[in-house]
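Dear colleague,

I am passing the structure on to you with this message, and my notes on it follow. Please read them with the model open beside you.

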Amino acid sequence: MSVTTETGSTTFTSLNPATGDVVGEHPVHDASAVSDAVERARAAAAWWGGLGFKERRVRLLNFKSALARNLNEMARVIHQETGKPVGDAVFEAVGAINLIDWAARNAGKVLGPRSVFPGLLAINQKAILEYHPLGVVGVIGPWNYPIYTPMGSIAFSLAAGNTVVFKPSEFTPGVGVLLGELMAEAVPEHPVLQVVTGYGETGAALCQAGVNKVAFTGSGPTAKRVMAACAETLTPIVAECGGKDAFIVAADADLDAAAASALWGGMSNAGQTCTGVERIYVVESVYDDFLAKLTERARELKAGYEEEGASYGPITMPRQLDIIERHINDALASGGKAVVGGPESVRRPFVDPVVLVDVPETSAAICEETFGPTITVSKVKNVDEAVELANATDYGLASTIFSRSRSAIEVARRLRTGMTSINAALAFALIPGLPFGGVGESGFGRIHGADGLREFARPKAITRQRFKSPLDTTTFTRTEKEVEQIVNLMKKLHGKTYR
């Protein structure tokens with residue numbers, strides 16, 4: 001809800017999705033305010049980029065320390081704005097701390113100058129590759145993991161020498177504001193991390209405010225609108241969008257571990273996870289046993305806010321409830337069955353676990369991202385069929401396979417996703433050194449790891465002549481003899497037949 005104050009400025013309130021209580025009130029930053037923030041960030045970028053990796057490392061580690069000291073407060077704000085259990089909020093913030101730590105400690109090694117072999121034709125040259133900051137990065141964050149997910153862009157952008165203007169989701173603005181305050185405490189000299197709050201218009205203004213790159217996390221349709229806005233100024237973008245992630249259970253899998261992992265991957269955070277498990281494909285020889293173990297565990301879970309025994313919280317974004325309800329009803333109408341829960345599981349704003357079987361592959365529950373605590377379980381002849389069905393989607397974010405076989409790594413390579421975990425769902429998200437991102441409708445570009453650092457830097461190639469080349473090939477004074485020598489050299493080096 002937006003209100004206009006006596007001074008004419010507009011504010012909006014963030015609400016607790018479980019109770020409807022007001023959590024906080026924040027300004028709606030208009031295009032002028034966003035532009036001012038970007039200009040301040042650009043001025044700060046000259047200082048921040050000039051510090052060098054060592055000095056930035058110290059300041060980012062102090063930012064990490066400030067977040068660790070305020071971990072309980074951060075978890076409280078996350079809990080109130082998303083409704084997720086405090087323990088889950090703590091775990092999310094811990095993940096963000098680890099991202100800051102990795103980016104700060106590894107930026108110099110990944111992005112610092114290094115020599116490149118120049119090749120025989122340019123043996124007289126010294127070749128250097130280094131990475132320079134882009135300038136100002138605009139980060140548009142999501143509401144489902146309001147600190148962990150944007151930190152993959154914020155920390156890596158900062159470590160690469162950029163300053164950041166962060167626009168958190170309108171559902172979780174308080175998390176972003178607290179992050180900005182903690183950064184100001186750790187780096188008081190200049191505003192290297194600024195936060196602008198508001199609705200979609202604020203995010204659109206950030207895309208058009210002259211930032212050097214936009215890092216966006218959200219739905220595919222919204223990503224396309226962000227890209228269109230960025231296209232007007234040729235502003236590059238890294239997009240992390242949704243998924244319809246598959247979980248494969250092979251005949252030789254540890255079924256107890258697979259059931260526990262699939263349930264966590266599908267139901268944690270009320271299923272509001274871009275890399276969460278939504279489709280399970282089980283080889284027919286173990287289908288019944290796996291389904292029995294999964295449903296037994298699923299029946300023990302219940303949604304709630306602060307009630308004793310609640311496994312996860314509410315659906316944070318109210319309109320998502322309509323999508324969840326539609327997917328359940330469509331699955332049942334098209335011949336599927338609910339072996340756990342059903343339409344009655346939707347208790348707005350909560351959704352209790354739903355496990356669907358015999359759902360056609362053309363159903364919305366299979367084809368579209370649900371983003372709720374529902375999973376489909378399908379029987380397949382073998383792992384090959386499971387891979388084929390898993391890949392039969394426009395999404396390509398993450399996937400999981402459970403198998404004791406060494407060949408599981410080959411199955412992982414065949415899955416058309418940016419990330420695959422074997423025998424543990426979402427394990428890649430725990431490792432800051434691995435790149436995070438997808439293909440197709442799941443987006444492009446990478447955050448985390450060395451690829452994430454390079455995402456927010458521009459490569460710079462430098463050569464320096466060490467001595468004059470015996471073959472003067474790059475002036476108008478070269479002779480026919482020198483050309484003949486080059487031809488003979490190429491024949492010797494590259495003219496052989498390869499087998």
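Asn-269 is placed in the loop between helix 9 (255-267) and strand 12 (277-283), where helices (H or I, at least four residues) and strands (E, at least two) are DSSP runs numbered from the N terminus. Its phi is near 55 degrees, a positive value in a residue other than glycine, and Asn-269 counts as buried at 7% relative accessibility, where buried means under 20% relative accessible area, exposed over 50% and partly exposed in between, with a 1.4 Å probe and protein chains only.

Before going further, please note that this is a predicted model, in which local features need pLDDT of at least 70 and side-chain atom pairs count only at pLDDT 80 or more, while totals for chains, interfaces and linings use all residues. Residues are numbered from 1 along each chain as its sequence is written, and side-chain values use heavy atoms, with hydrogens and water left out.

Leu-426 also has a positive phi, of about 65 degrees, although it is not a glycine. Leu-426 is found in the loop between strand 19 (419-422) and strand 20 (443-444), and with a relative accessible area of 15% it is buried. A further backbone feature is the cis peptide bond that joins Arg-348 and Pro-349, with omega about 10 degrees; Pro-349 has its place in the loop between strand 14 (346-347) and strand 15 (350-351).

Turning to the pockets, the search ran on a 1 Å grid over the protein atoms alone, and a pocket is an open set of points where a 1.4 Å probe fits, with protein on both sides within 12 Å along at least five of seven lines, while lining residues have an atom within 4 Å of a point. Grid points are joined across faces, edges and corners, and a volume is the space filled by probe spheres set on the points.

The largest pocket has a volume of about 1100 Å³, and of the 41 residues that line it, Phe-216, Gly-218, Ser-219, Thr-222 and Arg-319 are the closest to its centre. Helix 7 (200-207), strand 9 (213-217), helix 8 (220-231) and helix 11 (320-333) each supply at least two residues of this lining, and helix 8 gives the most, with six residues. By class, the lining of the largest pocket divides into 19 nonpolar, 13 polar and nine charged residues, where Ala, Val, Leu, Ile, Met, Phe, Trp, Tyr, Cys and Pro count as nonpolar, Asp, Glu, Lys and Arg as charged, and the others, Gly among them, as polar.

Phe-216 itself is found in strand 9 and, at 5% relative accessibility, counts as buried. Not counting residues up to four places away in sequence, Phe-216 touches Ile-140, Thr-222, Ala-223, Val-226, Ile-237, Val-238, Ala-239 and Glu-240, contact meaning heavy atoms within 4.5 Å.

The second largest pocket has a volume of about 520 Å³. Its lining is made up of 26 residues, and Phe-91, Tyr-145, Leu-426, Ala-429 and Leu-430 lie nearest its centre. Helix 4 (86-111) and helix 5 (148-159) are the elements that give two or more residues to this lining, and the largest share, seven residues, comes from helix 4. The lining of the second largest pocket has 15 nonpolar, seven polar and four charged residues.

As for the aromatic side chains, rings of Phe, Tyr and Trp (its six-membered ring) pair if their centres lie within 6.5 Å, and planes under 30 degrees apart count as stacked, over 60 as edge-to-face and the rest as tilted. By this rule the count comes to six aromatic pairs. In one of them, the rings of Trp-102 and Phe-156 have centres 5.9 Å apart and planes at 20 degrees, so the pair is stacked. Trp-102 lies in helix 4 and Phe-156 in helix 5, so this pair ties together parts that are 54 residues apart in sequence, and both residues are buried. The rings of Phe-247 and Phe-402 are likewise stacked, because their centres lie 5.3 Å apart and their planes are at 20 degrees. Phe-247 lies in strand 11 (residues 245-249) and Phe-402 in strand 18 (residues 398-402), so the pair ties together parts that are 155 residues apart in sequence; both Phe-247 and Phe-402 are buried.

With best wishes
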